[in-house]
Amino acid sequence: MTRAALFDLKAYTAAARQRVDIALEKRLADLASTPPRLAEAMAYAVLGDGKRVRPILAMASFEAVGGHGDAILPVAGALELIHAYSLVHDDLPAMDDDDYRRGRPTCHKAYDEATAVLVGDGLQTLAFSWLAEAPLGADTRVALVRELAGASGPWGMVGGQMADMAAASGPRDLDHLRFIHAHKTGALLTASARMGAIAGGADGAALAALTEYGRHVGLAFQVVDDILDVTADSATLGKTAGKDQDQNKLTYPALIGLERAREMAAGLAAAAHQSLAAFGDRAEPLRALASYVVERGK
């Protein structure tokens, strides 16, 4: 049995999620001058039954480099706000046209399309304002803003979404699929590991190692998401199952088959573990997170 298998990830993530959720609730409650319907819809989009993978990844990375205390919470919260905004926009009829997210109606179904667009816009800007106010040094805040902008903008998540939309009628090969996953999902997951490390004052070697870890985990996460779209039902996923196939999406099971996709995910988790060799016991949460990502698809 591996060290990661012995680590109580359930207890760790429950405690981390509680800290993040309290911070998110406080931040979203501080919208007194915002139109009530917009404030309500923003809270609806964020405070649902999400896994908080990105915030927890940032918190674990922060701890792995010796960080402690609540200075990480604005970083973790900003990552979740960006993720939530991306889901709201991704679910719109002009994008993936999905009716359910996190086990309940998507934002544009619960409210309306125009409100959902504004919710995404509001969450994105709120994320950056929160990050800019983090109780960290000015140089650190600038570095964190740069990381989040790079991962979520046209060089990262937004560019990946555009490539994903074009894939139905474009190239259908592994290189194009790697580009989509590295940008649409992987960029923000890698940034989560990097931002936690930056907030914790990581040196160059530690930041490089956690960047590699984030890249491996980010790709594994998306490979497993592709697998789950084939193998899980809508109740388990909290969103409509089988959408990738219905929309002719480019996925790993479609290109290399289900079993090879599972083998690929397991290999990526092993590589993520190897990236953490220098961190010792402080990286146990990160090791367990990498294992959890892959076990979701088994």
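Reader: Which residues line the second largest cavity?

Author: In this predicted model, the second largest cavity is lined by V53, L57, V217, L289, Y292 and V293. Two elements, α4 (53–64) and α17 (284–295), each give two or more residues to that lining, and α17 gives the most, with three residues.

Reader: Which elements supply at least two residues of the lining of the largest cavity?

Author: Those are α3 (36–46), α5 (73–90) and β2 (104–105). Among the residues that line the largest cavity are Y44, L87, D91, R101, R102 and R104.

Reader: R102 makes me curious about charged pairs. What does R102 form a salt bridge with?

Author: R102 pairs with E80 in a salt bridge, where the closest N and O atoms are 2.9 Å apart. This pair links distant parts of the chain, with E80 in helix α5 and R102 in the loop between β1 (100–101) and β2, 22 residues apart.

Reader: Are E80 and R102 buried or exposed?

Author: Both E80 and R102 are buried. Salt bridges that share partners also join E80 and R102 with R17, D21, D49 and R52 into one network.

Reader: Take R17 and D49 then. What do their side chains do?

Author: The side chains of R17 and D49 meet in a salt bridge, at 3.5 Å from N to O. R17 lies in helix α2 (residues 9–29) and D49 in the loop between α3 and α4, so the pair ties together parts that are 32 residues apart in sequence. R17 counts as partly exposed, because its relative accessibility is 23%, whereas D49 counts as exposed at 58%.

Reader: How many salt bridges does a search of the whole structure find?

Author: The search finds 19 salt bridges. One of them joins E133 and R27, with the closest N and O atoms 3.2 Å apart. That pair links E133, in the loop between α7 (113–132) and α8, to R27 in helix α2, 106 residues apart. E133 counts as exposed at 52% relative accessibility, while R27 counts as buried at 17%.

Reader: Switching to pockets, which residues lie nearest the centre of the second largest pocket?

Author: A182, G186, A187, T190 and R215 lie nearest the centre of the second largest pocket, which is lined by 18 residues. The elements that give two or more residues to that lining are α8 (138–152), α10 (174–184), α11 (186–199) and α12 (204–231), and α11 gives the most, with five residues. By class, the lining of this pocket has six nonpolar, eight polar and four charged residues, around a space of about 340 Å³.

Conventions:
Residues are numbered from 1 along each chain as its sequence is written. This is a predicted model: local features need pLDDT of at least 70, side-chain atom pairs count only at pLDDT 80 or more; totals for chains, interfaces and linings use all residues. Side-chain values use heavy atoms; hydrogens and water are left out. On a 1 Å grid over the protein atoms alone, a cavity is a set of points where a 1.4 Å probe fits but cannot get out, and a pocket is an open set with protein on both sides within 12 Å along at least five of seven lines; lining residues have an atom within 4 Å of a point. Grid points are joined across faces, edges and corners, and a volume is the space filled by probe spheres set on the points. Helices (H or I, at least four residues) and strands (E, at least two) are DSSP runs, numbered from the N terminus. Ala, Val, Leu, Ile, Met, Phe, Trp, Tyr, Cys and Pro count as nonpolar, Asp, Glu, Lys and Arg as charged, and the others, Gly among them, as polar. A salt bridge is a side-chain nitrogen of Lys or Arg within 4 Å of a carboxyl oxygen of Asp or Glu. Buried means under 20% relative accessible area, exposed over 50%, partly exposed in between (1.4 Å probe, protein chains only).
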